[in-house]
Amino acid sequence: DIYFFTYGNDYFQALRNFAALAGPVPLLPKHVFGIWWSKYWRYKDTQLMELVKQFEENEIPLSCLCVDMDWHLVEEAVTSRGWTGYTWNKKYFPDPTEFIKWMHDNNIKVALNLHPAEGCHGHEEVYTEFKKHMGRDEQSQDPINFDCTDIKYMEGYFKYLHHPHEKRGIDFWWMDWQHGFKSNLPGLDPLWWLNHLHFLDNGRTLNKRPNLLSRWGGLGCHRYPVGFSGDTASKWRELSRLPMVTSASSNVLFCFWSHDVGGFFEGNGDPELYVRWVQFSIFSPIFRFHSHQNIYEIREPWGYGDSILLIVKKFLHLRTELVPYIYAINWKVHNVTGVLNTPIYYYYPDEMESYYCPDQYFFGSELLVSPYTSPAIPALRLSRKVTYFPPGIWFDFFSGEIHQGPAYKVLYGTLDQVLLFAKAGAIIPLNENHSPMKDEWGFPNLSIVIFPGADNQFELYEDDGVSQSYIKGKYNTTNLSVKWTYNIKNDIYGGGSLKFTISQKKGYLKKSPKVQRFNLSFKSILQSPEDFKCLINNKSTEIGFTYNPNRVLRIEDIALGPQDELEVSFQVPPLSDYSPEQEILKNCLSMLKFFDLASHFKKSISLDLKRAIKSIPDFKPSLVGLDEQVMCLLETLFKCGYYHVVDITGRHTLILWNHSKTEYFYYHTIEGTEAPPHFKDNPKEVQDVKIFSYSKSEISNKSYFFRMHYGEFIHVDVVLGGQKEVAPVNKQKTCSIQ
């Protein structure tokens, strides 16, 4: 059958109806949203225990451990190739039950790798029982061939090959792939069917919420999370593709999939790539370290030295803190009222630009992520990233810096910086600490981050985190809301009034903690607040607050019962001395200090910048030695730039913007080359935003050469298409970008 869903640009409605037809995404257990460890390595049980201790010593809590294929007999499996196995290798795991118990005592769930394609061979401990179940000759030592369409085989497959390991304590299975695309039932993909059967079997009792780790088996596999990408190369090009692939997977509700953090193989030990991969993965559905059987494929956070460890640890802590937020989105995904990683156009379907920023995405309903996926530019010692801000106000989650959309911006960052933005009115519930994840009801200690600028609501979801009792209504929700009133319409610098409310819990309360503790952080509060009030159950409460130079108002240690309601309100005075020009200057000077440039040149340029803020023609960056340094400063000064992206379909898109509408930024095709379709004026100034986009078929045998001018200082050449030769350039400085 073929189903065609037509909803214009109401993408959420299309997904809701797809789920009505194909089934919803199951609610996942809490532990899957923590930090996973996996490596194709011949570990001994003591080595894995030592690894867990190292994570603990470095204050990095693991939640899941995936043991690759060497948990079972491999070389000893003389009648098979060794990939398939169900008998513990006692050389490496002398006491599997004790090993699993030790992991559980340390709050770690355990999964085992599977390659079921070779069936069950005579060396397996359960071979005789399985053979008897199948009615085979008692004297035969022939292998029992894998057949996922044979009901009798599959009954024995679970009863003898899997359930005994689950009785030892194995929590879920990692379904790897070797069984091909065909089965004895025409049209049935073995992987799709195995995903279906394993997921149902893992949740055969209501006291356990099922999950799986398996590859994509086709449409409908959103019902059997978690997915994984297969073996990804440890390359920048691979990392650069992942943001789009991850968000686009939501188009078929495959919302919970994982990739190998750091890449699986073919790496060169690049610590910068490792850090950027970790940072992107923090804001991915599932965070799972994995790599090949190579000592130089380093994925341990401490494997690149103390400076890298400090950066990675900071973001791994953030991942653990984000679990309450992710878990609430998990509930929304299950009910098809939200998706975790979504393309920008889901929320801004009428904005043309939202379709041309494939490497940024929403992480839940509150946060926008624009990951750095290319190496730092040597001359800058900074990474470059183009980010599109949809209409409205956006706040840097960490610094509180304000960005006004719609607009494109080029943002440069150091290795310890990520581009994470909160929408106006955003509400983000976090774990107060990054302690190991326990099987307990809800979240006893929460830190809620709130931003001003708009009205908003967020529903906190809590249950036991491990069972299917939510199906019977054993869960509760808490409505968190913010109401914001501007003093001057849509002017965040003009101040306003804010009211934040934590409502009474609704639903099943029997297992909720009698007291839940909250810390509140109101970020981007531009002035010290006035008329502060705090009410619990409509009664005034003497709770103080602090306001720090980072423009954060913080209230600590609020104790609420399930039926209590909190209301916090205050006034934010206008910020009378705000200057957008000074903000631009501040950003330019901040970037300048990282340039690979002599300090006396930097000092001269800083003086030029201060003059240029008042009059751009006065900027004379003649002392700057490298083109990238000039372009970095001009993009910030002019509020202009370019973005060239080639998506996985081969479509080339070139976006030019000039939000300051300066006459100094213009473009043209290169003399002697073919002009693109509909290209008439040459040269032409960029007025606000200009987009050129060509499909693979349109440029299969062609190339279009564009030259963008940043005043008389520098030009940049971009090639759209397959050719590599760029026409000769004039005497200006040039960055030739392919």
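Q: In this predicted model, which residue in E31 is the bridge partner of histidine 652?
A: The bridge partner of histidine 652 in E31 is tyrosine 694, and the two strands concerned, E28 (residues 652–658) and E31, pair in the antiparallel sense over 7 bridges.

Q: What is the order of the strands in the open sheet, and which are the edge strands?
A: The sheet has 3 strands in the order E27-E28-E31, with antiparallel pairing; strand E27 (640–646) and strand E31 (688–694) are the edge strands, since each pairs on one side only. From one strand to the next the twist averages 10°.

Q: Which helix packs on the sheet?
A: Helix H14 (residues 627–638) packs there, touching E27 and E28, and its direction makes about 115° with that of E27.

Q: How is a pair of aromatic rings described?
A: One gives the distance of the centres and the angle of the planes. The structure holds 55 aromatic pairs. In one of them, phenylalanine 283 and phenylalanine 363 have ring centres 5.8 Å apart and planes at 80°, so the pair is edge-to-face. This pair links distant parts of the chain, 80 residues apart, with phenylalanine 283 in the loop between helix H9 (271–282) and strand E8 (287–288) and phenylalanine 363 in strand E10 (residues 361–363).

Q: Are phenylalanine 283 and phenylalanine 363 buried or exposed?
A: Both phenylalanine 283 and phenylalanine 363 are buried. The aromatic pair of tyrosine 345 and tyrosine 346 is tilted, at 5.7 Å centre to centre with 45° between the planes, and both of these tyrosines are buried.

How values were computed
Residues are numbered from 1 along each chain as its sequence is written. This is a predicted model: local features need pLDDT of at least 70, side-chain atom pairs count only at pLDDT 80 or more; totals for chains, interfaces and linings use all residues. Side-chain values use heavy atoms; hydrogens and water are left out. Rings of Phe, Tyr and Trp (its six-membered ring) pair if their centres lie within 6.5 Å; planes under 30 degrees apart count as stacked, over 60 as edge-to-face and the rest as tilted. Helices (H or I, at least four residues) and strands (E, at least two) are DSSP runs, numbered from the N terminus. Buried means under 20% relative accessible area, exposed over 50%, partly exposed in between (1.4 Å probe, protein chains only). Two strands pair if DSSP finds at least two bridges between them. Axes are lines fitted to C-alpha atoms, for helices over the stretch in contact, and angles run from 0 to 180 degrees between N-to-C directions. Contact means heavy atoms within 4.5 Å.
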